[in-house]
There are 2 protein chains.
Amino acid sequence: MKTEEVTPIKVEKTAGSRIGEVDFSKLTFGSVFTDHMFVCDFKDGKWQTPEIKPYQPLVLDPSARVFHYGQAVFEGMKAYRDEQGQVWLFRPEENFLRINKSCERMAMPAFPEDYFFDGLRTLLKLDEQWIRGGEGNSLYIRPFAIATEPSVMASPSSEYKFIIICSPAQSYYGGEVRVKIADHYSRAASGGIGSAKAAANYGAQFYPTSLAQQEGYQQVIWTDANTHEYLEEAGTMNVFFRVGNTLLTAPTSDRILDGVTRKSVIAVAQSRGINVEVRPVKVSEIIAAAKDGSLKEIFGSGTAAVINPIAGFGYKEEKFELPQIDNSYASLIKKVIIDIQYNRAEDLFGWRYKID
Amino acid sequence: MKTEEVTPIKVEKTAGSRIGEVDFSKLTFGSVFTDHMFVCDFKDGKWQTPEIKPYQPLVLDPSARVFHYGQAVFEGMKAYRDEQGQVWLFRPEENFLRINKSCERMAMPAFPEDYFFDGLRTLLKLDEQWIRGGEGNSLYIRPFAIATEPSVMASPSSEYKFIIICSPAQSYYGGEVRVKIADHYSRAASGGIGSAKAAANYGAQFYPTSLAQQEGYQQVIWTDANTHEYLEEAGTMNVFFRVGNTLLTAPTSDRILDGVTRKSVIAVAQSRGINVEVRPVKVSEIIAAAKDGSLKEIFGSGTAAVINPIAGFGYKEEKFELPQIDNSYASLIKKVIIDIQYNRAEDLFGWRYKID
């Protein structure tokens, strides 16, 4: 689809597959990986010949800059197998464009488009057996890039690795999710790296999230670092609020990730005639809506769960429960997106990408 | 000094030293490492037996969380050899306390004090030949900790490595340094991780710094992300401004690193009768002082250069040059600190730490 010429990928197949050892009915997210990995090195000012080889450890000097200065970016994608056995990706061009935006913000070199798509295709064909059919099953794909130059000088690395690893995943259900609205800690600064899918943005959230978990919440909804008056995102998900029959979500900015699922949710909602307002959302208006009963739903959007309904939230000392409703926007929109992902519905938006 | 009992460190010595291959007169900062490294693994909920072994690559699963979620912190320290051949550290307790503060903010386990100090002592004794005497020579010490659990789940790792590597360093002179005052990009958010010495804070600066470098500056002085009206720090240095005979520097906060050299500069300046004001410093007052001639000096403080005088700065479209002055505070304070570090002066503040 993307390239006329095929990238000269060097392929070394595994001597024996590990697939027989895997219980696909009991998968812990992100901990079992397929037989092969894609690796491409950047050195001498350019990306070298990409390789696919047996999944194996990385051997890096202790001074490799990724360990010291956090030059690291990633993406999250999924491959789906339909009822006819065909494998599909969902909007992979978006992930490709975004990882290169992330690279730019982290002073890392852009990765070539043909290497990305040819690498994905070759890797997925090779590890095809790991992509199981059936509702909720998928292959989680993790492209990432790291700085590898052995030097603790605090400046951009001259060497990198671009890697793709894959992990079989089952339907994601995280249980009832309650979220804490941040009123002290922050995820991102204006002028910072919040809109990049940089490793740095994730570790920074773990401590405040653990504090919220001690109060009985599962996640944090981040607010603007300046005033804590505006709702931004949930760190691994963008966030939507249904007030009456209007769906509200914050505009993207240099603090907020431009989520692929987020923009898909907006497109699907609008196509179904739902009024979507993309504008700054005040904490105070959501609390007022919770109190007067007009707040019908909150849900997160992201690759892992597509849509994750939120059962309740806390703000400072107050706790709020969301109502149980039929015909929620969350379930409506989720079904439309999943049906496209699994090739059970017409691809009206042109989002499916065939692996063959 | 710190412990009665000695930590049971497992020591494996190198078969042959690499020191003969090193030209100590031509060292590039942070790129040559000594014969040994200190490594301690955290697993099963506790730090395991520390090891010192030949300097060697790390072997990590591609899914190790440090690559994906940036759980990584570090310190920078130096060992100095005095004219009698004795080796000294400078305020290592401060680095120990700070790396554990950084660990807390990044949801990483604290490292035990006796492991830290016994590890440092044993490693420095073993690689003693790498610590050269003479003005400006030192051994740069890089303790760091990284998340190693093989899983791309976005949550804190259950496994870590705490590592110390060492690199011989010469007198650091970075040439004439001119800095750009940030008016768009930011280093840290209020409520973020700016006060932690986290890997994440460094990679985030590389791109805006490269833009400043294209304009002819070497570094950026960061301002508050909210208004860009207040001067904060320079990313690898804290910053001091001398206006008339008063030395100004920003107070530490959750956006600013609590620099060991910074607090040493303040203590030395005060002991010499210099008026030090630790308070928010406005960009506008420094520009006004540059224009009316009362701005005498700007300098950065940090482990690498101790004190780095700044020759000029830019703000938006304006450029300012600092005057050349005799008896600068920068040179006065630097001499006092270096004389303590190299054991050429009485240790009035109790900052030296003997390695024996």
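Visitor: Is A:Arg344 buried, partly exposed or exposed?
Guide: Welcome! This is a predicted model, where local features need pLDDT of at least 70, side-chain atom pairs count only at pLDDT 80 or more, and totals for chains, interfaces and linings use all residues. Residues are numbered from 1 along each chain as its sequence is written, chains are lettered from A and ligands numbered from 1 in the order in which they are written, and side-chain values use heavy atoms, with hydrogens and water left out. Buried means under 20% relative accessible area, exposed over 50%, and partly exposed in between (1.4 Å probe, protein chains only). A:Arg344 has 35% relative accessibility, so A:Arg344 counts as partly exposed.

Visitor: Which residue forms a salt bridge with A:Arg344?
Guide: A salt bridge is a side-chain nitrogen of Lys or Arg within 4 Å of a carboxyl oxygen of Asp or Glu. Here the closest N and O atoms are 2.7 Å apart, and the partner of A:Arg344 is A:Glu135.

Visitor: How many residues apart are A:Arg344 and A:Glu135?
Guide: Helices (H or I, at least four residues) and strands (E, at least two) are DSSP runs, numbered from the N terminus. A:Arg344 is in the loop between helix 7 and strand 21 of chain A, while A:Glu135 is in the loop between helix 3 and strand 9 of chain A. The pair links distant parts of the chain, and the separation is 209 residues.

Visitor: Which side chain makes a polar contact with the side chain of A:Asp127?
Guide: A:Asp127 is buried yet has no salt bridge. A polar contact is a pair of N or O atoms within 3.5 Å; within protein, one must be able to donate a hydrogen and the other to accept it, and residues adjacent in sequence count only if both atoms are side-chain atoms. At 2.8 Å, the partner of A:Asp127 is A:His36.

Visitor: What kind of aromatic pair do A:Phe90 and A:Trp351 make?
Guide: Rings of Phe, Tyr and Trp (its six-membered ring) pair if their centres lie within 6.5 Å; planes under 30 degrees apart count as stacked, over 60 as edge-to-face and the rest as tilted. The search of the whole structure finds 53 aromatic pairs over all chains. In one of them, A:Tyr80 and A:Tyr342 have centres 5.0 Å apart and planes at 70°, so that pair is edge-to-face. For A:Phe90 and A:Trp351 the centres are 5.5 Å apart and the planes at 80°, so the pair is edge-to-face.

Note on methods: Lys and Arg count as positive and Asp and Glu as negative; His and the chain ends are not counted.
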